Amino acid sequence: MPVNFIDLIYHVPHFLSASECKQLIEERERRNAEAVTEHCPEASTGKDTYSTFEQVVLKPGTPNFKLIHNSMETIINQYHDYLDTLNCFSVRYRDALMYPHMYRLMRYKKGQSLHAHTDNSLYVSGSCTFNLNDTYEGGQFKFFRGKHTVHLEQGDVLIFPADYFWVH
């Protein structure tokens, strides 16, 4: 049976508990004064574009950093095991998708967004997102310029390849 791109999106509902999500949201709120915007190339034009949401980066050694680090290690290993079931990739993907490069707490206020982009860079082979709440309208995770949408609820995790085909 052929594998299509959508098969490479790995979604785990309720991966984080409600209390873990609350703990992370509280840190984001406490550190609001440190929040910064991010920028990256827009997928259609390649133009460096600033997003309208703000983020804070988790500090190494803190309890929330450890929580996300351990969660990332678990989900990456689960994703590897899932990819093995597809039986169509070189075992070398396990070497390429091992280490997260940054843990960010991103918050979108009403009307804020992130432009269509990819996450590919020299040492980035995959992307992962944890959804910390579901008390909002909109906010769907869209791939391929909206051709595929994943609805995330509180505590859900989503992991997928990060290369130039993965516009989201």
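Predicted model: local features only at pLDDT ≥ 70, side-chain atom pairs only at ≥ 80, totals over all residues.
1. Cysteine 128 stands opposite isoleucine 159 in E9. Strand E9 covers residues 157-161. Five bridges join E9 to E6, and the two strands run antiparallel.

2. Now the sheet around that pair. Three strands form an open sheet in the order E1-E9-E6, with antiparallel pairing. Strand E1 (10-12) and strand E6 (126-130) are the edge strands. Each of these pairs on one side only. On average, neighbouring strands of the sheet are turned by 10° against each other, direction ignored. Strands of a sheet pair through backbone hydrogen bonds, either parallel or antiparallel.

3. Which residues does isoleucine 75 touch, beyond those up to four places away in sequence? The list is Tyr10, Val12, Phe15, Cys128, Val157 and Ile159.

4. In soluble globular proteins, nonpolar side chains tend to be buried together.

5. Next, the aromatic residues. The structure holds 16 aromatic pairs. One of them joins phenylalanine 143 and phenylalanine 144: the ring centres are 5.9 Å apart and the planes stand at 40°, so the pair is tilted. Are these two residues buried or exposed? Both phenylalanine 143 and phenylalanine 144 are buried. They also belong to one aromatic cluster, together with Phe5, Phe141, Phe160, Phe165 and Trp166.

6. Histidine 117 deserves a look. It sits in the loop between strand E5 (104-107) and E6. Why does histidine 117 count as buried? Its relative accessibility is 4%, and buried means under 20%, so histidine 117 qualifies. Its side chain reaches the backbone oxygen of histidine 115 at 2.9 Å. A polar contact of 3.1 Å joins the side chains of histidine 117 and aspartate 119.

7. Leaving out residues up to four places away in sequence, histidine 117 touches Cys40, Pro41, Ala43, Trp166, Val167 and His168. Trp166 is also in the aromatic cluster of point 5.

8. E5 has its own pairing. Strand E4 (residues 54-57) and E5 pair in the antiparallel sense over four bridges. Valine 57 stands opposite arginine 104 in E5. Which residues of E5 lie on its covered face, and which on its uncovered one? Leu105 and Arg107 are on the covered face. Arg104 and Met106 are on the uncovered face.

9. Last, alanine 35. It lies in the loop between H1 and strand E2 (39-41). At 16% relative accessibility, alanine 35 counts as buried because the cut-off is under 20%. The C-alpha atoms of alanine 35 and histidine 151 are separated by 26 Å. These two residues are 116 residues apart along the chain.

Methods
Residues numbered from 1 in each chain as written. Heavy atoms only, no water. Pairing = 2+ DSSP bridges. Axes fitted to C-alpha atoms, helices over the stretch in contact; angles between N-to-C directions. Buried < 20%, exposed > 50% of the residue type's maximum accessible area, 1.4 Å probe, protein only. Polar contact = N/O pair within 3.5 Å; in protein donor to acceptor, adjacent residues only side chain to side chain. Contact = heavy atoms within 4.5 Å. Phe/Tyr/Trp six-rings, centres within 6.5 Å; stacked < 30°, edge-to-face > 60°.
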